[in-house]
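Please read it alongside the sequence and the structure.

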Amino acid sequence: MARLSVSLLLLLATAAVAGVQGLGVNWGTQASHPLPPKVVVQLLRDNGIKKVKLFETNFDAMSALAGSGIEVMLAIPNNMLHDIAGDSGAAKDWVKRNVKRFDFDGGVVIKYVAVGNEPFLGAYNGSFIKVTLPALENIQNALNDAGVGDRIKATVPLNADVYNSPAKNPVPSAGRFRNEISGVMTDIVKFLAKNKAPFTVNIYPFLSLYLNDNFPLDFAFFDGKSATPVNDNGVIYTNVFEANFDTLVAALVAVGHGDMPIIVGEVGWPTDGDRRAKASYAQRFYDGLLKRVASNRGTPARPSQRLEVYLFGLVDEDQKSVQPGSFERHWGIFRYDGQPKFAMDLSGQGRNTTLVPAKGVQYLSRTWCALNPKASRNDIGKLLGAKIDYACTNADCTPLGYGSTCNGMDVKGNASYAFNAYYQAQSQKDEACDFQGLALPTETDPSTAACNFTIQIATSAAAPPLSMPTLAATLAVALLQLSLSS
């Protein structure tokens, strides 16, 4: 019996490891108090995460990754594409400083270079259409010249909107690249194929739901409950992820490269900032996705290709732009401080287990900032709305928005949340909890069962304040005015 138990444990362990072979995460750092890179790398290792995708080549992050054995996808920001596209020397210099510098025995295991990030989004008004391919070519050629091009490939992470199916035949097998970019997309695919590089795409079922109130909820998940499956000539799709993926496969087939490897560069589900961005949905989504990755089976159009995906993202980022939506700051499978949000089994075995939390995280003192109970009603009436607006313009108040975790509190709760968010973003500086006498520091936690008032982590280099007002600020002020008028 003992031998059988040991064998069973070894079998389960082997299955768990196999289940994460195609799994990576995106490590974003747009936070006022980012976790130290060494803490993040240890977090990755503790959870068996063997692939990571970066959005910039940060020296401290790369130094922490050195010797870890974690496979890395580096990134070139969009704002560098014009320079690299127009100057092969700039591409060679970038490779020298960001690839060769860390590419040594015991250094960083660099597998890919991401040239830009979703450069063909409509929001960019075509700014990068003419430079993306030249930048890709120059970087891959620079990698080749440096003698590493056989094992380090350049790719372009693209949004799933670069392809679609026609309205008259909205099925995956009819997928084609968008008409206005079909030429450049065909050229990009041909160049990737020539260099044996993968196509990288970001797929977000959450956004399908967010952008369309009529989108069937169950179709966003993997558990086969969809009441509105897509029938593509007898092939049944019960979730939008597989349907989207196979639409890309069809687009690649149409340009003669149906066998090109595909990497899903970003896929995930946010947990706050919208009524559909909540932990229960995220847990449901990841449970299905991870089981699919662990199964080592492909999609209907590619049944033999196992999925390779990078979860988006690792931790919450309180300084991301909220222009696409307040949920943008809540994509992490971990909170801002590296603490797990919900039960999650990265092995894809469906076990009721939690992620390993970050170790060695140091916090600021257990002090919050809250509405001064002695503030006069006159001062509240004259000043509070503007002060909440100021706090939320310079800190993250997105949990106050409609459908979010802190929505529905009274005026005191909204004001205290806003003041504390600003106070923590400013590293608990004394002057950051005053607001002309409307706020006071407190050692009593104002958190509620649903709403967590954070204590920020200690960091030696807090990022500068935010510059974009949030939707939550407007909502908080509106709630305040409504209360005062009653």
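Predicted model: local features only at pLDDT ≥ 70, side-chain atom pairs only at ≥ 80, totals over all residues.

Rings of Phe, Tyr and Trp, the last by its six-membered ring, count as a pair if their centres lie within 6.5 Å; planes over 60 degrees apart make the pair edge-to-face. By this rule the count comes to 27 aromatic pairs.

**Aromatic pairs**

- Phe55 and Phe312 form an edge-to-face pair, because their ring centres are 6.1 Å apart and their planes stand at 90 degrees.
- Phe55 sits in the loop between strand 2 (51-54) and helix 3 (59-65), and Phe312 in the loop between strand 13 (309-311) and strand 14 (368-371), so the pair ties together parts that are 257 residues apart in sequence.
- Phe55 has a relative accessibility of 27% and therefore counts as partly exposed.
- Phe312, at 4% relative accessibility, counts as buried.
- Tyr422 and Phe435 also make an edge-to-face pair, with 5.5 Å from centre to centre and 70 degrees between the planes.
- This pair links distant parts of the chain, 13 residues apart: Tyr422 belongs to helix 12 (residues 411-425), while Phe435 is in the loop between helix 12 and strand 15 (439-442).
- Both Tyr422 and Phe435 are buried.

**Helix 5 against helix 6**

- Two packed helices are described by the angle between their axes and the distance between the axes.
- For helix 5 (residues 88-100) and helix 6 (residues 132-145), the angle is about 60 degrees and the axes are 8 Å apart.
- That angle makes helix 5 oblique to helix 6.
- The crossing of these two helices is right-handed.
- On the helix 5 side the contact involves Ser88, Ala91, Lys92, Trp94, Val95 and Val99, which meet Asn138, Ile139, Ala142, Leu143 and Asp145 of helix 6.
- By class, the contact of helix 5 with helix 6 has seven nonpolar, two polar and two charged residues.

**Helix 6 against helix 7**

- The axes of helix 6 and helix 7 (residues 182-194) cross at roughly 10 degrees and come within 10 Å.
- Angles under 35 degrees count as roughly parallel, and helix 6 and helix 7 are therefore roughly parallel to each other.
- Helix 6 contributes Thr132, Leu133, Leu136, Glu137, Gln140 and Asn141 to this contact, and helix 7 contributes Val184, Asp187, Ile188, Phe191 and Leu192.
- Sorted by class, the contact of helix 6 with helix 7 has six nonpolar, three polar and two charged residues.

**Helix 2 and its cover**

- In helix 2 (residues 37-46), the buried residues are Val39, Val40, Val41, Leu43 and Leu44.
- Strand 1 (23-27), strand 2 and helix 3 are included in what covers these buried residues.

**Ala418**

- Ala418 is placed in helix 12.
- Its relative accessible area is 0%, so Ala418 is buried.
- Leaving aside neighbours within four places in sequence, Ala418 is in contact with Ile388, Ala391, Cys392 and Cys397.
- Ala418 and Cys397 lie 21 residues apart in sequence, with their C-alpha atoms 6.1 Å apart in space.

Key
Residues numbered from 1 in each chain as written. Heavy atoms only, no water. Axes fitted to C-alpha atoms, helices over the stretch in contact; angles between N-to-C directions. Helix = DSSP H or I, 4+ residues; strand = E, 2+ residues; numbered from the N terminus. Parallel < 35°, antiparallel > 145°, perpendicular 65-115°, else oblique. Left-handed = near helix turned anticlockwise from the far one by under 90°. Contact = heavy atoms within 4.5 Å. Nonpolar A, V, L, I, M, F, W, Y, C, P; charged D, E, K, R; others polar. Phe/Tyr/Trp six-rings, centres within 6.5 Å; stacked < 30°, edge-to-face > 60°. Buried < 20%, exposed > 50% of the residue type's maximum accessible area, 1.4 Å probe, protein only.
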